[in-house]
Every structure is written in structure tokens, then in C-alpha cells.
Amino acid sequence: MNSQTEVIVQPNCEDEYDPGLLPVSVALTRIAESITPLSDVEQLPVREALGRILAEALHSPVDVPNHTNSAMDGYALAASDLDLKELTVIGTAWAGRAFTAAISAGQCVRIMTGAPLPVGADAVVMVERTQSVGHGDAVLVEVDVPAGNHIRAAGEDLQPGDSVFSAGTVLGPGHLGVLASIGVDRVAAWRRPRVGVLSTGDELVDGVGPLEIGQIRDANRPSLLGLLDEMGVTGVDLGRVADDEEAIEAALRGGVSTCDAVLTSGGVSMGDFDYVKVVLDRIGDMRWMQVAIKPAKPLAFGLVDGVPVFGLPGNPVSSMVSFELFARPALRAMAGRRDLDRPRVRAVVEGDLRRRPDGKVHFARVVVSTRDDMTYISSAGGQGSHQLTAMAAATGLAVLPDGDGVTDGDEVEVLLLG
Ligand code: AMP
Ligand code: MG
């Protein structure tokens, strides 16, 4: 037996009902009122535009496809010729090499996928539905071939003047391909927001050396900077500061003078050393909110010198959940996006996700999977707001309304993180 006093871990007792808590929607509205999209536009080569947000609506200057061509390897022919069944092959067309003469009655052209359709042809029969006759000088067509068969018409995808993408579109790989195909080599994209990340707390240390009692390593800065990188905004590492009013003020002032928004973590609750709250109150136009959620109940949002500052809670899971719910939509709006929310789906619970009634909506860290057209979720691990491994493993946040939670087979809403 060891001689240390045994620590009995009690279930959390902090969650008394609090009538002053705000619904998420109210907190979001308060934030949205103070967010203005950035207005600077950059002209980017298409090759560098992945993940960037289109600043203007794009219209096609051309037909796509730009010429009528074959969708198959086979023979180009005039559909009206087909009572003949046997056609003379007068040449070959392949992608990049058109057959330039016209075909006349009783003739066809061997054609490969992508080759322009020869003049006089209006259909393609696939090679598998034909038989070569003689030494390939003629071909026997074994099926009926209607006009338009296996043809990709010019302008079928886009015609001049057609809307291609609207402003606010996030450019993915497919978008870049479309831009290239319509002959656009530079696009107007909104400048990426620069977002500072500042950690606060006397207990935080950097590096990998041994920890003294009470010290912890800064987990929030890497997580928050990672979230920013992942969403395509420029994360700016503002370092960490001790629980010291002067140091916090200097770091915040530095942050808002060089960034479009600042995220802080820690120091915004009711503890004796929560000086971020004190400083923000003094230098910012702040909205202090207690949101009816768990984790991430405390939230500070406001403007310092006109720059939005999100005072996120210190617990690592809370800071990430708060980011997901409040900072991400605001930063998307600043970045010029029109789609501000992560997708939410209904999912079937595997195992239990228990909770206690406390007047709050809980966001449980879950792993999302799909089988037989159904979406399932199961717990990603320990659900404490300090248990970051479950947040790291989570691919969704299950929305558990106030009550006792859900059990195997129940259906709940889940916010998809991936
Ligand atoms: P606070 O809101 O400052 O009281 O912090 C709440 C909890 O989160 C405390 O246990 C802190 O030690 C912890 N915490 C605050 N900042 C960080 C951080 N950057 N990385 C890891 N844990 C943190
Ligand atoms: Mg602290």
C-alpha cells in the first residue's frame, strides 16, 4: 500500500442551473454584428489559389467543351446512314488531331475519345459494337445509333456568359481545373485574414524539459494555430504571457496592431488571476458572455482598437470547442466566405453518451462513421474539458440537448469537424 492520501474523484459538481446563460444563437448574433469582411483583393495565379476565396463572380468567356467531340473510342458517322450498316472507314481522328475532311454518305471515321467530331458526322458508335471488315477499310455496325450518340456537344458544360462560380466560393482542386479550362490564369481572391493567437497563464511553459509541480505545457497555441492553418487563414503566433496585467496589455496591443483578429486563451473566467478579463475590460469594447453550453461556457468577445478579439476559455477542449462554435464562423465571414457553418447531420448513437441536466447544451466529442447509408457516432474518449486526446480523435461534436443524454440507438444532431 502506498502511504499517499487516496484522492477520490467525484463527478463534476460545478454545473448548477444558471438562468443568466445565453443560447449559442444569441452569442453568435452579438459576434456577427461586429464582424466586417476584409476588403483587400489579391490577384493570384490559379496554381496558388487553392483554398482561397473568390472575390468576384466569374463568367465563362468560352464554350466548354470548346468543340463537339467524341465521348468514346469508336467510329464517327452520320446516324441517317445506318440502314447501310457497313461503312467505309476514310481516316482516323484522335484527341489533338482532328480529321479535317468531311464524311459523305456511306463513310465513317475511326475516332478516339476527345477527338473533334468530323464534319458530316453526328454520332459515334463504340468500337465494341462494330466488326472490322477486310483490313479495317470498312466496318459493320451492329446496333442502332441515334443522332447525338456518345457525342459531347460544344458548350454542353458552359457557354459564353454562363455563371461559373459566385463570389465567396472556396476554391478547391476542381475549381482550379475549371478556371484553367476556361482560360483564366489569374483570379481575384480576398486577402487571407491574419489572426493572432496568444496563450496566457503563469503555469505555462514551452519546450520539452521537465515540469515543476504546477507547470503545464501550452497546448492551446498549437491547437488554435493548427485550426487557423487548416481553415486557410494566416495564424500569427503571439506567444504566451504570464498572468500579469502589463504583459497581457502589451501583448494584446501588439496583436491588434498587426492582426485582423486575435484569439486569446485562458484568464477569462472568475479566478483571482484571470487578468485577461481585467485588461480586455479596460482596453476593449467587450461583450462578456456565459453561454449555455458545455464545454466552453465562458466567452469574451469584443473590439480592441476596432480589431475583433475572442477571449477563449483556457481549458484545451473548451478553447477548441469555443473556436468551432464562435470564432470559425466569424473568421469565415471576415475571410469573405458565404458558408459560415460546418455541416450538421443526424446520426445514430452507438453506446451511450450520458450527461446530467444542467440547463446547457453539451457538445460531446465523438467519432463519426458511416455504414449502409447511415451515419453513426460513438464517444471519442474522456469527455472532460481538459481531456484533449478525445478532442484530437473526434471527427464530430454531438449536440446533446439538456437532459440525461442519449443511449444506444438514439438519434442526435452532430456537427461535423472534418
Ligand atoms: P484559466 O481559464 O486561465 O483559469 O484556465 C483554465 C484551465 O485551462 C487551467 O487548468 C489552465 O491551466 C488550463 N490552460 C490555460 N491555458 C492553457 C494552455 N495554453 N494550454 C493548456 N492548458 C491551459
Ligand atoms: Mg489562467
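Student: Which strands each supply at least two residues of the shell around ligand 1?

Tutor: This is a predicted model, in which local features need pLDDT of at least 70 and side-chain atom pairs count only at pLDDT 80 or more, while totals for chains, interfaces and linings use all residues. Residues are numbered from 1 along each chain as its sequence is written, chains are lettered from A and ligands numbered from 1 in the order in which they are written, and side-chain values use heavy atoms, without hydrogens and water. Helices (H or I, at least four residues) and strands (E, at least two) are DSSP runs numbered from the N terminus. The strands that each supply at least two shell residues are E13 (194-200) and E15 (216-217).

Student: Which of the 16 residues around ligand 1 come nearest?

Tutor: A residue is near a molecule or strand if one of its heavy atoms lies within 4 Å of it. Of the 16 residues around ligand 1, those that come nearest are Glu203, Asp218, Ala219, Gly267 and Gly314.

Student: How far from an oxygen atom of ligand 1 does a polar side-chain atom of Glu203 lie?

Tutor: A polar contact is a pair of N or O atoms within 3.5 Å; within protein, one must be able to donate a hydrogen and the other to accept it, and residues adjacent in sequence count only if both atoms are side-chain atoms. The backbone also takes part: an N or O atom of Gly267 lies 2.8 Å from a ligand oxygen, and a polar backbone atom of Asn315 is 3.1 Å from one. For the polar side-chain atom of Glu203, the distance to an oxygen of ligand 1 is 2.5 Å.

Student: Is Ser223 buried or exposed?

Tutor: Ser223 is found in helix H3, and its side chain reaches the backbone oxygen of Ala219 at 3.1 Å. Beyond neighbours within four places in sequence, Ser223 is in contact (heavy atoms within 4.5 Å) with Met320 and Leu388. Buried means under 20% relative accessible area, exposed over 50%, and partly exposed in between (1.4 Å probe, protein chains only). Because its relative accessible area is 15%, Ser223 is buried.

Student: What is the relative accessible area of Val414?

Tutor: Val414 has its place in strand E28 (residues 411-416). Not counting residues up to four places away in sequence, Val414 touches residues that include Pro343, Val366, Ile377 and Leu397. Val414 is buried, with a relative accessible area of 0%.

Student: What is omega for the peptide bond from Val64 to Pro65?

Tutor: Most residues other than glycine have a negative phi, and most peptide bonds are trans. A cis bond joins Lys294 and Pro295, with omega about 0°. Pro65 lies in the loop between strand E2 (58-59) and strand E3 (69-70). The bond from Val64 to Pro65 is also cis, with omega near -5°.

Student: What is phi of Asp372?

Tutor: Asp372 is in the loop between strand E24 (361-371) and strand E25 (374-379). Asp372 is exposed, with a relative accessible area of 72%. Although Asp372 is a residue other than glycine, its phi is positive, near 45°.
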